[in-house]
Amino acid sequence: MAPTATKKQIQLSERSVLVWRLVQTAVWLVGAAILTCLLIFPSVGIVLFWDILIPLAPALLVIAPGLWRNVCPLATTNLMPRRLGFSKRKKLTAKQSGIFGLVAVAALYIIVPLRHAVFNTNGPATAMLIIAMAVIGVSLGFFYEWKSAWCSGLCPIHPVEKLYGGNVFLTLPNAQCDKCMHCVAPCPDSTANFGPESTKKTTWNRISALLITGGLPGFIWGWFHVPDAASISSIGSFFAVYQMPMLGLLATLAIYSLIIAIIQTKYERKLTGLFAAAAVSCYYWYRVPALFGFGAWGRDGLLIDLSKTLSSVAITGITVTLTIFFFYRLFLAEKNRKSWLIRPVKLKLNS
Ligand code: SF4
């Protein structure tokens with residue numbers, strides 16, 4: 001049966017649903033295999049998770065965040081109570097939703113520096129982090145409607161999706177929500193050119209937008225100026241991993257706050273695009289060399305050592321090309337009115 005579609009909504013055919021369920025199951029099994037490796041073969045699991053999956057994620061969030069949101073194994077797990085009919089299907093208030101968004105930003109900035117202290121070198125700890133997020137997400141899934149509490153709420157990746165996903169290439173059908181239940185407004189999946197500045201209902205939303213847009217470029221820059229600690233010998237060395245990321249965060253946040261205070265509101269989206277491009281470009285500027293043996297911290301973040309076979313000029317060429325691409329796409333190019341996903345058919349609010 002062919003999918004029935006209106007301009008902004010789509011009802012997937014049974015065949016399409018089946019195909020998406022197969023893809024989601026396959027990706028979920030890959031996720032489970034990586035989780036198992038992190039616990040049983042940590043050195044393999046760390047490479048698969050931190051040096052292959054995570055480095056691909058920012059580019060995917062620029063190009064097709066909807067693809068990730070359709071197949072993310074954590075999302076598939078956390079939406080299970082809703083899919084199986086065990087959820088109370090509550091709706092978050094605007095205030096609760098705003099608080100969840102701010103907690104997600106805080107969680108991102110708290111967890112990521114800990115990669116240097118623990119997670120980058122400790123497979124079981126990384127597995128525990130993933131399991132903890134699944135436990136929180138599934139627990140919330142028993143109470144709240146569809147993606148509102150986790151995927152569009154507490155997930156620490158969601159603020160990054162919002163920042164990077166402002167001018168996507170690919171819009172796909174929504175393969176997670178069977179019907180749109182208006183669980184979150186505006187829906188990040190279904191709103192064209194969604195970004196941190198798209199939700200300003202509450203002070204919580206505004207603080208979240210400020211922190212992620214202004215702070216992320218500097219946070220990423222600072223993060224790459226900290227080596228992975230072989231062992232954390234004191235509380236001081238534990239908190240040392242936060243110093244550079246937080247300094248960077250405060251520096252770009254100050255610049256952003258200054259600019260946003262003096263420009264007209266109509267330029268805010270452009271500014272978001274500029275800071276998004278700076279953040280994702282900065283990530284690959286440091287991450288690509290580190291993956292291939294040209295990093296500043298020896299074997300930190302190494303995937304395969306090509307330093308003896310590849311010229312550093314080639315690596316610079318890749319990073320410069322990526323930077324041009326991200327600045328063009330997120331800052332210079334016209335917004336293309338695309339959303340991450342096509343909204344499923346809406347349930348009428350009075351039904
Ligand atoms: S499509 Fe509808 S049900 Fe799904 S996350 Fe968006 S608002 Fe919620």
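Student: How many residues surround the ligand, and which are the closest?

Tutor: In this predicted model, 15 residues surround the ligand, and the closest are Lys 147, Cys 177, Cys 180, Cys 183 and Cys 187. By class, the shell around the ligand is made up of eight nonpolar, four polar and three charged residues.

Student: In which sense does strand β4 pair with β2, and over how many bridges?

Tutor: Strand β4, residues 341–344, pairs with strand β2, residues 9–11, in the parallel sense over two bridges, and in this pairing Gln 9 stands opposite Arg 343 of β4. Strand β3, residues 172–173, also pairs with β4 in the parallel sense, over two bridges, with Pro 173 standing opposite Ile 342 of β4.

Student: What describes two packed helices?

Tutor: The general idea is that a packed pair is described by the angle between the helix axes together with the distance between those axes. Here, helix α11 (residues 203–223) packs with helix α12 (residues 235–262) at an angle of about 145°, their axes lying 6 Å apart, and the crossing of α11 and α12 is right-handed.

Student: Which residues make the contact between these two helices?

Tutor: On the α11 side the contact includes Gly 214, Gly 215, Gly 218 and Gly 222, along with Phe 219, Trp 221 and Trp 223, while among the contributors from α12 are Met 244, Met 246, Leu 247, Leu 249, Leu 253 and Tyr 256. Sorted by class, the contact of α11 with α12 holds twelve nonpolar and eight polar residues, and no charged residues.

Note on methods:
Residues are numbered from 1 along each chain as its sequence is written. This is a predicted model: local features need pLDDT of at least 70, side-chain atom pairs count only at pLDDT 80 or more; totals for chains, interfaces and linings use all residues. A residue is near a molecule or strand if its C-beta atom, placed from the backbone, lies within 6 Å of it. Ala, Val, Leu, Ile, Met, Phe, Trp, Tyr, Cys and Pro count as nonpolar, Asp, Glu, Lys and Arg as charged, and the others, Gly among them, as polar. Two strands pair if DSSP finds at least two bridges between them. Helices (H or I, at least four residues) and strands (E, at least two) are DSSP runs, numbered from the N terminus. Axes are lines fitted to C-alpha atoms, for helices over the stretch in contact, and angles run from 0 to 180 degrees between N-to-C directions. A crossing is left-handed if the near helix is turned anticlockwise from the far one by less than a right angle, and right-handed if clockwise. Two residues are in contact if their C-beta atoms, placed from the backbone, lie within 7 Å.
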